[in-house]
Amino acid sequence: MIVKASLSTLAFLFCGVSIAIASPISLTKTNPNTVFDDGGRASLRIVNNGDPMVDQRVTAGGFRLNNGATDIVAWCVDIAHNLTLKGLYQITSVPFSNTFTFSETQKGNVKSLFETGYSGLDLKNNNQSAGFQLALWEIIYEQNGDFNVKDGSFKSTTNSEARNFANAFLANIGGSVTQSYNIDYYESLGYGRNNNKYSQNLVSVTPVPLPAAGLLLGCGLAGLYMAQRRRKNI
């Protein structure tokens, strides 16, 4: 989703003020029977020894949702809450005001995870999808240094294949970009009588298209190449 910001909004962003950049929206399932629709997912156990304390079995994978304008694949970045889709969400570039704020390092690692591994991810493969979700959680919740979903303050204790995929994704962080993405964080605005209950916070991405200047340059180079070939054939 492309959001146009006013000059005043941009000024606040440059000043480092945490603000949302879109109007509140409702998220709905693309398939009313399952939040995963036909996408990959796998059951596994996760343990987090930090905040929040978690030791439970979960189903991990990308959520198939609609944001009112288009279908998206969204990923959980909040193990403190269940996905209920109750209440409204806000798209923000500064996650999150309702739980804890991501550091610039966390945001950079999330972006790098998508830009180095997401374009090659088979979203219908159960263990790849679960592995990518595990890698996201590791980036957000690990407190003991190196990323490894098999050990540390955050870890998974089951499904070795999903864990292997997760660690492979994590090993590429900081590597060559295979596809650039715009990152959209979806923050739950709360629900209930006093809006004091929250659904899961999420993240989704959209590919960054090649700039028009790049397209023109590509067309120009292609034209030059064809002209050179024609001259050689004369």
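1. Helices (H or I, at least four residues) and strands (E, at least two) are taken here as DSSP runs, numbered from the N terminus. The model is predicted, so local features need pLDDT of at least 70 and side-chain atom pairs count only at pLDDT 80 or more, while totals for chains, interfaces and linings use all residues. Residues are numbered from 1 along each chain as its sequence is written, and side-chain values use heavy atoms, with hydrogens and water left out.

2. Overall make-up. The protein chain has five helices and nine strands, in the order α-β-β-β-β-β-β-α-α-β-α-β-β-α from the N terminus. Of its 234 residues, 42% are buried, where buried means under 20% relative accessible area, exposed over 50%, and partly exposed in between (1.4 Å probe, protein chains only). The accessible surface comes to about 12400 Å², with 52% of it belonging to carbon and sulfur atoms; areas come from the Shrake-Rupley method with a 1.4 Å probe, and for residues only the protein chains shown count as cover.

3. Contacts along the chain. With contact defined as heavy atoms within 4.5 Å, residues 24 or more positions apart account for 68% of the contacts with a separation of 6 or more.

4. The core. A nonpolar core is a set of buried Ala, Val, Leu, Ile, Met, Phe, Trp, Tyr and Cys residues joined through side-chain atoms within 4.5 Å. The largest such core has 52 residues, and Phe114 and Trp137 touch the most other members. Helix α3 (residues 126–141) provides the largest share, nine residues. In soluble globular proteins, nonpolar side chains tend to be buried together.

5. The second largest pocket. On a 1 Å grid over the protein atoms alone, a pocket is an open set of points where a 1.4 Å probe fits, with protein on both sides within 12 Å along at least five of seven lines; lining residues have an atom within 4 Å of a point. The volume of the second largest pocket is about 290 Å³, meaning the space filled by probe spheres set on the points, which are joined across faces, edges and corners. Of its 22 lining residues, Thr59, Phe63, Asn82, Leu83 and Gln200 lie nearest the centre. Both β3 (54–61) and α3 supply at least two lining residues, and β3 gives the most, with six. The lining divides into twelve nonpolar, eight polar and two charged residues (nonpolar: Ala, Val, Leu, Ile, Met, Phe, Trp, Tyr, Cys and Pro; charged: Asp, Glu, Lys and Arg; polar: the others, Gly among them).

6. Cis peptide bonds. The bond from Asp51 to Pro52 is cis, with omega near 5°, and Pro52 sits in the loop between β2 (41–48) and β3. The bond from Pro95 to Phe96 is also cis, with omega near -15°; Phe96 is in the loop between β6 (89–92) and α2 (104–117).

7. Asp37 has phi near 50° and lies in the loop between β1 (28–29) and β2. Asp37 counts as partly exposed because its relative accessibility is 27%. Leu85, with phi of about 60°, is in the loop between β5 (71–76) and β6. Leu85 counts as buried because its relative accessibility is 17%.

8. Asn182. This residue belongs to strand β8 (residues 181–188) and counts as partly exposed, at 33% relative accessibility. Leaving aside neighbours within four places in sequence, Asn182 contacts Ser204, Val205, Thr206 and Val208. Asn182 and Glu115 are 67 residues apart in sequence, with their C-alpha atoms 9.7 Å apart in space.
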